[in-house]
Every structure is written in C-alpha cells, then in structure tokens.
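Visitor: I would like to learn how to read aromatic pairs and nonpolar cores in a model. Where do we start?

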Amino acid sequence: MMLRIEQVSKTFYPGTANERVALNDVSLHLDEGDFITIIGSNGAGKSTLLNIIGGSLSVDTGSVIINGRDVTRLKEYRRAQGIARVFQDPAAGTSPHLSIEENLAVALDRGKPHTLARGLTKARREEFREQLATLEQGLENRMRHRVGLLSGGQRQALSLLMASFTHPQLLLLDEHTAALDPERAELVLRLTASKIAEQGLTALMVTHNMDHALRLGNGLIMMHEGRILRSLDAEEKAKAQVSDLLEFFSREKGVLSDRTLLS
C-alpha cells in the first residue's frame, strides 16, 4: 500500500475563540497507481489533508505512512524526495528568476547534493527539450528564458512536469487548475492525466470542480467539515454524475451552504 492515513486529526487555534477542527479522525488508504480526486466545500479539510501528507503541517493525532514508512514526524524537506506537489498558485513551485532549464535541473536533482552547473549537461538539456515538447507550449524553444516571463498556464504546465520528473512515490495536486482560464485548465488537466498514466504515479487531486473530479482518476472522496463523508471506487465513479454528488451533499445535513463552489 502506497499511502495510509490512520485516524488523523488536526485542530487550529485549540482552546481559543477561533478554534477550528480541520480534520476529524480521517483515515485513507491508497494503493500504488491510484489516482484519487477529493471534493468538498470551503473548509472541508482538503488542503489541510495534503499539507499533512506533504509535511508542511503536523498532526495532532494519527499517523501518515508512505510506502510502508511512518513519516508522521518527518519534516517536509525529509519527505521531498518521495513527494511532489503542484499548487493552486502558478507562481508557486517554480523559481521565477531562474530559467526554464535551471528550474528543471533543480527539480531533477531534488534531494540530491548537486551544483546548478553540474545539473545543466548537454544530455540533460536534450532530455529537457524532449520533455518540454510534450507540454505543447513551445517551451522547448525557450529553455533559457526566465520562468517569471511565462503565462500562468505555461508555469502550471511546467510545474506539473517538474513534479513528475523524478517519478515521485506520491503526487499531490492542490486545486492546480483553479487559477487558470477554462482553456488552459483543460490543457493542464489533460497533461495531468497523461503524466500520471505514463509513469503509473500514485496521486491525490483536490478540486472544487465536480466534473473534473468525476472525469479523472479511479476513485473519489467527498469531504465536509474535516470528515470523509463518502468514497467512490472506480465502478461507482464511472456511473456517477454531478447531480448525484450534489444530491448526496445536500442530503448530508444540509452540506451545500456554498453550492456554487461545488459546481
């Protein structure tokens, strides 16, 4: 089993007027090669769950086990070799003042002792050129351009390539198309599905878009107020429609207080 989340709980500002339970006794199991989408309203705990898996947040109780190793108390940088992440903000995950090829060299050597000069060999530049061509953005012809000059869609496509470069044990996608226009979002989603399938990656994708959640992956998790309300396997997901998900959320204690964010 690639990922085991066992009875994880997390509360922010405990004992104060601002106390908020972000995760409440959450358990989740992913086999190698699973691609699971996560939906839920604002404050459901989706991003908190990814932050705990990635190590940027600690748990109050519970455990996180990746590929048989208990990483619950490991710092974020200690998990970086096995976990890659693409964030909602296209500006995150890349270095704007470095060139495209320099960013790729850093990604390829993540977690290894190296110098930037060593990372930019002739063989690596050719590999970068081939990989960039798969993004259909023309970036293979702009490898020495600074990343800060790219559009949001181009940066997000590059971030996805960088995240998948080292064949991570786990890929975390945190609403990574939310800041893009519909056309660019569709392109990045298509690239996402392609990279995960080609490399057989294990992935978790958080989204507010129910259509995206149903179209991608082999499983779906529905969250609300720090709990997993329901999980759909591949067969159940294939049969489900957006209206079914909305109806389920609506039945569960009037969950759809922000219905528009879920459609």
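Guide: Rings of Phe, Tyr and Trp (its six-membered ring) pair if their centres lie within 6.5 Å; planes under 30 degrees apart are stacked, over 60 edge-to-face, the rest tilted. This is a predicted model, in which local features need pLDDT of at least 70 and side-chain atom pairs pLDDT 80 or more, while totals for chains, interfaces and linings use all residues. Residues are numbered from 1 along each chain as its sequence is written, and side-chain values use heavy atoms, without hydrogens and water.

Visitor: How many aromatic pairs does the structure hold?

Guide: Two. F128 and F165 are tilted, 5.7 Å centre to centre with 35 degrees between the planes. F128 lies in helix α5 (residues 122-133) and F165 in the loop between α6 (152-164) and β7 (170-174), so this pair ties together parts 37 residues apart in sequence. Helices (H or I, at least four residues) and strands (E, at least two) are DSSP runs, numbered from the N terminus. The other pair, F248 and F249, is edge-to-face, at 6.5 Å and 65 degrees.

Visitor: Are F128 and F165 buried or exposed?

Guide: Buried means under 20% relative accessible area, exposed over 50%, partly exposed in between (1.4 Å probe, protein chains only). Both F128 and F165 are buried.

Visitor: What is a nonpolar core, and which residues have the most contacts inside the largest?

Guide: A core is a set of buried Ala, Val, Leu, Ile, Met, Phe, Trp, Tyr and Cys residues joined through side-chain atoms within 4.5 Å. The largest here has 33 residues, and those with the most contacts inside it include F128, L158 and L173. Its largest share, six residues, comes from α6.
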